[in-house]
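Please read the points below with the sequence and the structure side by side. They are meant for a colleague who comes to this entry for the first time.

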Amino acid sequence: MAQGGVVRRVVIVGAGHGGFQVAASLRQHGFDGAVVLIGDEPHLPYQRPPLSKDYLDGKIGFDLLQMRPASFFDEHRIELMSGQAVAAIDRPEKAVALADGKRLAYDHLVLATGARNRVPPLPGIELDGVCYLRDLAETEALKERLAACRNAIVVGAGFIGLEFAAIARGKGVPVQIVELVDRVMARVVCPETSAYFGREHQKTGVEFSFGTSVERIAGAGGKVSHVVLGDGRTLPADLVLISIGVVPNEDLAAAAGLAVANGVVVDEQLLTADLGISAIGDCASFPSRHSLRNPVRLEAVQNATDHARCVASRLVGKPYAYEALPWFWSEQGALRLQIAGLTTGFQQVVLRGDYEKGEYSAFCYAGDKLLGIESINKPADHAFARRLLAAGKSITPTEAADPSFDLRAAAMARPG
Amino acid sequence: MPQVTYVSHDGQRTTLDVPLGTSVMQAATLHGLDGIVAECGGSCMCATCHVYVQEDQIAKCPEMELGEDAMLDGTASPRKPNSRLSCQLVMTPEMEGLVVTMPETQT
């Protein structure tokens with residue numbers, strides 16, 4: 001192969017959606033060499049999206065979170081090393097060093113290290129009662145606390161904060177969300193969609209403090225008791241969820257001399273400058289066809305698993321440039337949000353459907369270029385949006401606004 | 001306990017116990033069956049748990065909702081009249097003995 005010899009031994013760092021999928025896809029392709037999957041959590045690889053939804057809500061147990069049963073890894077000769085942290089990459093020797101001192105040689109290394117919670121440097125952040133919602137252990141702790149919670153404060157009105165708020169309100173817990181900017185999900189949706197979601201959450205009793213910072217978290221006896229806001233207000237709290245986003249786990253790569261810039265820098269085949277190392281998923285910054293080849297780093301299951309398939313295919317000698325359409329979803333109580341494409345930099349929004357009723361799509365344009373489509377309780381639009389955008393097709397703002405325009409026909413039509 | 005038979009694209013049959021209230025998708029991933037990907041974990045968001053229900057058993061399955069109908073237009077393998085998303089096939093007593101065939105590809 002072009003990438004420095006035959007690949008007989010693939011080591012994957014990170015056993016989340018991306019890492020797991022690399023291993024599974026390699027075997028699906030008939031890869032016969034060794035596959036080592038290293039994860040720092042003590043569990044079998046599991047699905048993360050339900051953590052902030054059905055799992056937190058107590059509707060499903062861990063058995064339904066597992067990607068595959070333990071037997072799957074044996075049957076497919078995937079050497080799963082759970083509860084193991086990787087300390088360093090030795091590029092000249094093509095090996096990784098584990099935290100416990102063990103060394104593992106690789107022909108190809110896949111970094112699927114994901115991301116970690118962004119932790120604000122707030123006084124009181126270490127207090128008992130400050131929670132996060134990213135991995136299973138955090139969700140377990142949060143779930144336990146939520147059961148006895150009297151006042152929950154959420155810092156950050158993104159997907160995670162809002163998904164948590166919907167579940168907490170469902171359990172009758174008072175929720176106050178503190179958000180630095182003036183609307184919910186400001187980083188990912190258009191103002192119209194922010195307004196709709198903000199209003200719906202308010203209807204269920206969620207209170208918002210927009211344009212507000214947190215000054216400090218106050219406690220008594222080591223436990224959270226209040227949150228002090230930048231505007232001087234003091235809110236009582238026995239649970240504070242920090243949901244202000246994540247930062248990529250790029251330290252391993254950086255320490256090994258690989259380029260990092262908001263993620264491990266990779267090319268359109270998801271390769272680093274070292275042809276023996278790929279990076280995928282939340283930790284990878286890659287040039288996307290859907291962002292005019294500007295580097296993007298996406299935090300999404302779709303992104304992680306499609307990246308994984310691209311790398312696995314390359315490792316078995318069938319390389320292709322990564323071009324998959326990004327898509328995202330969030331479920332917040334009865335609200336269902338699906339996004340197709342990357343809408344960053346939109347200048348114009350065209351609403352289609354019944355906005356007041358909450359069954360609509362927002363078509364986001366830059367000039368005449370359709371960047372992406374947000375569908376709210378409108379799964380049909382989302383299905384068609386994905387088809388349309390994946391095929392590189394577009395519809396005009398006028399067509400999008402016209403209720404008689406047949407979106408399905410446009411999406412299903414042959415390319416061209 | 002009700003059983004469901006999964007037929008792979010190349011004709012291999014696997015019969016699994018599927019508890020009432022569990023989806024045909026959940027049982028498959030829980031047993032590590034190849035052929036059902038279920039990327040979104042069963043939220044009817046991704047269309048990678050596509051199955052073909054044996055024709056004479058379609059009426060035994062829960063009725064299709066709009067969301068599933070739409071997502072089925074985006075499956076990787078061709079949609080047929082007996083296409084369903086297995087995450088939406090939640091087991092009921094009537095579905096005992098269900099046979100589903102998995103498509104050639106889910107992604």
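In which loop of chain A does A:Leu270 lie?

1. A:Leu270 lies in the loop between strand 18 and strand 19 (277-279) of chain A, where helices (H or I, at least four residues) and strands (E, at least two) are DSSP runs numbered from the N terminus. Its phi is near 70°, a positive value in a residue other than glycine. A:Leu270 counts as buried because 23 other C-beta atoms lie within 10 Å; by the rule used here, a residue is buried if 20 or more other C-beta atoms lie within 10 Å of its own, exposed if 12 or fewer, and partly exposed in between, with C-beta atoms placed from the backbone.

2. A word on the source is needed before going further. This is a predicted model, in which local features need pLDDT of at least 70 and side-chain atom pairs count only at pLDDT 80 or more, while totals for chains, interfaces and linings use all residues. Residues are numbered from 1 along each chain as its sequence is written, and chains are lettered from A and ligands numbered from 1 in the order in which they are written.

3. A second residue with positive phi is A:Arg77, whose value is near 50° although the residue is not glycine. A:Arg77 is found in the loop between helix 2 and strand 3 (78-81) of chain A, and it counts as partly exposed because it has 13 C-beta neighbours inside 10 Å.

4. Turning to the overall form, chain A comes to 10 helices and 26 strands, and its C-alpha trace spans about 65 × 60 × 35 Å along the principal axes. The radius of gyration of chain A is 22 Å, which agrees with the value near 22 Å for a compact globule of 416 residues; this radius is taken over C-alpha atoms, and the globule rule is 2.2 Å times the number of residues to the power 0.38. Of the 416 residues of chain A, 48% count as buried.

5. The domain assignment of chain A gives domain 1 (9-116 + 247-315), domain 2 (130-243) and domain 3 (334-412), with bounds that come from an automatic or database domain assignment. The C-alpha centres of domain 1 and domain 3 of chain A lie 32 Å apart.

6. The largest nonpolar core has 152 residues, and those that touch the most other members are A:Ile12, A:Val13, A:Val110, A:Leu111, A:Ala152, A:Val240 and A:Leu241. Such a core is a set of buried Ala, Val, Leu, Ile, Met, Phe, Trp, Tyr and Cys residues joined through C-beta atoms within 7 Å. Helix 4 (residues 159-170) of chain A gives the most to this core, with 8 residues. Leaving aside neighbours within four places in sequence, A:Ala152 has contacts that include A:Ala168, A:Val173 and A:Leu241, two residues being in contact if their C-beta atoms, placed from the backbone, lie within 7 Å.

7. A:Val349 is found in strand 24 (residues 348-354) of chain A and is partly exposed, with 18 other C-beta atoms within 10 Å. Not counting residues up to four places away in sequence, A:Val349 touches A:Cys190, A:Glu192, A:Ala362 and A:Cys364.

8. An open sheet of 3 strands in chain A has the order 18-20-21, with mixed pairing. Strand 18 (264-265) and strand 21 (295-296) stand at its edges with a single partner strand each, so one side of each is left without a neighbour in the sheet. Strand 20 (residues 284-287) and strand 21 of chain A run antiparallel and are joined by 2 bridges, where two strands pair if DSSP finds at least two bridges between them. The bridge partner of A:Phe286 in strand 21 of chain A is A:Val296.

9. Strand 5 of chain B pairs in the parallel sense with strand 1 (residues 3-7) of chain B over 4 bridges, and it runs antiparallel to strand 3 (residues 50-53) of chain B, with 2 bridges. B:Val100 has B:Tyr6 opposite it, and B:Val53 also stands opposite B:Val100.

10. Finally, 20 residues of chain A are in contact with 17 residues of chain B. On the side of chain A that touches chain B, helix 8 of chain A gives the largest share, 5 residues.
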